[in-house]
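Please open the model in your viewer and keep the selection panel at hand. The stops below go from one selection to the next, with a short account of what is found at each.

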Amino acid sequence: MRSRLPVMLRARSPLWKLWAFLSRVYTVAAQSDGTSDARSLSAALQNINGMSAIFSLLPVLTGKTQNVKCIAARTFPGSLTVVGLGAGRVLSKLQLGIMLLSADLYRNLVGELSYPHQEYVNAFSPPLIHIPTGTPERHSSNIIVNHNPTEDYMIEAWFQTQGLPAKVELSQGNNLRVLCGLLVYLLAYAFETFLCVQNAATGAAIPLVVVQAVSGVCWIVAVCILQAARGQGKRFVCLNRLATAEYRCFQLVTSGKHVRSAIISTQLTNIRDFNLFDSKYDSKRLKAVGGTMVASGMIDVFATVLVVGLNTWAYGWLAWQVVLIVVKVIFSLEPIRRIPVVDVHPLVGDTLDQGPPPPEAASARQGRKTRLPIIVDISPEFSFVEVSVTQNVVRETGTQARWCSRTPGLFIGQPYHLQRPTLPEKQSVGSSGSIPKPLPLQLPELSEKSVHDPEKISTADPALLPLPPSPLASKCASTTSSDSASTITASPTSPRVITEVPRIIISPESPLVASPTSSIFPPGIQAIARSASTRSASTRAPTPPTKSPRRAATMPLRGPPPVSIVTRGGLPNAASFPTRPRPAPSRSLSDTLVAPLQAAQDSEVKQKHPTSSSASQGDLILYLALGKDKDGKLTLSETEPAKESNQALQREFLACLAEVVKANKVPSVEFLLAVEAMRDGIRKTMSDKWYAFGTPDLSRYLRASYEDILWRRFV
């Protein structure tokens, strides 16, 4: 250290000069000449009465806006906690009290002040245009003059429900917030009172404590009454319903002629039930609040006189005042606090007539909200059904075809591609769940009592009677057996009707059975000899239950029916019997599955490798252009028009988007991210010059919205 100090002295570095200056200031401020010299620097710094005049200038610098935000906030603001602290609390309490006590007195004594509703509500509401719907209105023009606090939620509700009518649930925890804010105020006020007592005049400690206590109680009572007069409003607010006279409809004020905002609305009951102070700004309760604040400010004047300082505790008081000034400056940036949104529920299925539901965006079906409340005026042949973050969708009125852009925003020459209908996903045979399993034939359980005789077959329904034997049936029934059991077959008309056919018993010596070497066959053709063991299980008839001997003995003997001998060609040898049309051969399960599989594979190949005919047609594209009529509306043209040199249409779209962001007074992070995604997409379609020219307002409103979210989340 000793070696470095001479180097600093010789060098005369700037660090050494700063250290010497601070040391000299500290020496002058710390010297004490006793009570004889009251004009020393230490006495001046320790004179709290003189320093209070400097720190009280802050309320004058903040102006009227800070006072208005403290009164008009529906949620307890953080600035109302610190406004009653510090040296400047006297002037702040007097200004707030006079504003509530008498607007005329404030206008003549403090500064300019319009009528209360204009200052508390209209100054912080978005500019709106009234859409006439038969509702009673008191304004002469279509521009809304007097606003309602529920209008601040319309844009966010539209975005959360993607254009559906909304039921907004608002937070009802404002009373707890008031309690927490007053507790913070009490702690800070107690610490300030302790510092004031340490710097009080000789023998004035107890009077100072009493004065501070009375002033603090008056301020707390005034704040509680003010919050009770403001209230928390209704818990549920209904918004954005159309086609009914029970809602007042609006649109945002925009400067362009091609792009405008969607129609939003608020229920007429909200205008009566959701007003600030119930629109009674001259009520006795508010006048009592103003009088209490004025009384608290006048008491603080006496407390300020009793705080003298002139000791070492004055430095602590000065440090506390500096901290309060910094906090008050920060809280002067606090936006007007609105009641936060808890949830937004879409109103569907109620009794009011809403008309056809708005189109659902493809991204909304995937769980994302991308549509924004923007409408584009276009010629009657087309209509914009969706303006989303990544694309626009236009529906052709005549053919109901949908044309989709692949870029956000609007600009002349923007291509719109024909949107193909989405087909269901193809099922692969390899998946186990995609192959339908063949259902087994459902037959009722057979027992001895359920088997009927041939004579006892019901003839109530002719369609249920067994058909006469056909060559196919004869071929299937040409089986030799030693017993006289019957064959049970299912009727083709009903799976629950069972027909009993007697089994044909043919003796080997019967002349009906020809041997393979018989001469009755033409040369080169041999008879087919089959046994029961060589038949497959699928063609073998089901074996009926064995009959009892008594049942078999009582059955009448019947002659065997004529049997046709089937040759190799499948034709009956006896031509005397009537023939029936042969049924179509049944396809096996493998044939049924292989054919659709081949068709699906062919379609996949065609999709991956389109044919030359489909490739020659290409994708159908229309281009956004200005119409040739006198109105100059937008339309879709088959020929690509020349692009605008100044990109006026895209800048008009950005201006409307900025108004949408400005009108959303309670934005969510999801809404701001969607707007930023659209802005980034538009950035790729514009030049740097015109993009910088068209986005200052949008960037400023986005920054203010993010700051508003930070205030609502952490303060």
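Begin by selecting residues 176–195, a span that is 100% helix and 0% strand, with end C-alpha atoms 29 Å apart; helices here are DSSP runs of H or I of at least four residues, strands are runs of E of at least two, and both are numbered from the N terminus. This is a predicted model, in which local features need pLDDT of at least 70 and side-chain atom pairs count only at pLDDT 80 or more, while totals for chains, interfaces and linings use all residues. Residues are numbered from 1 along each chain as its sequence is written, and side-chain values use heavy atoms, with hydrogens and water left out.

The unreviewed UniProt entry annotates residues 176–195 and also residues 201–226 as "transmembrane region", an annotation that may be inferred rather than shown by experiment. Select residues 201–226 next: the chain there is 85% helix and 0% strand, and its end C-alpha atoms are 35 Å apart.

Now select helix H12, residues 205–230, where 26 residues at 1.5 Å a residue should span 38 Å, in agreement with end C-alpha atoms that are 38 Å apart; the expected span is 1.5 Å times one less than the number of residues. After H12 comes Gly-231, with a positive phi near 75°.

H12 and H14 pack at about 160° with axes 8 Å apart, the axes being lines fitted to C-alpha atoms over the stretch in contact and the angles running from 0 to 180 degrees between N-to-C directions. H12 is therefore roughly antiparallel to H14, a term for angles over 145 degrees. Their contact (heavy atoms within 4.5 Å) has 17 nonpolar, 4 polar and 2 charged residues.

By class, the contact of H7 with H14 has 13 nonpolar, 6 polar and 4 charged residues.

Finally, select helix H22 (residues 669–683) and helix H24 (residues 696–714), which pack at about 160° with axes 11 Å apart and are therefore roughly antiparallel. To inspect the contact, show Leu-672, Glu-676 and Arg-679 among the residues of H22, and Leu-702, Tyr-706 and Arg-713 among those of H24. The residues of this contact divide into 8 nonpolar, 2 polar and 3 charged.

Technical notes:
Parallel < 35°, antiparallel > 145°, perpendicular 65-115°, else oblique. Nonpolar A, V, L, I, M, F, W, Y, C, P; charged D, E, K, R; others polar.
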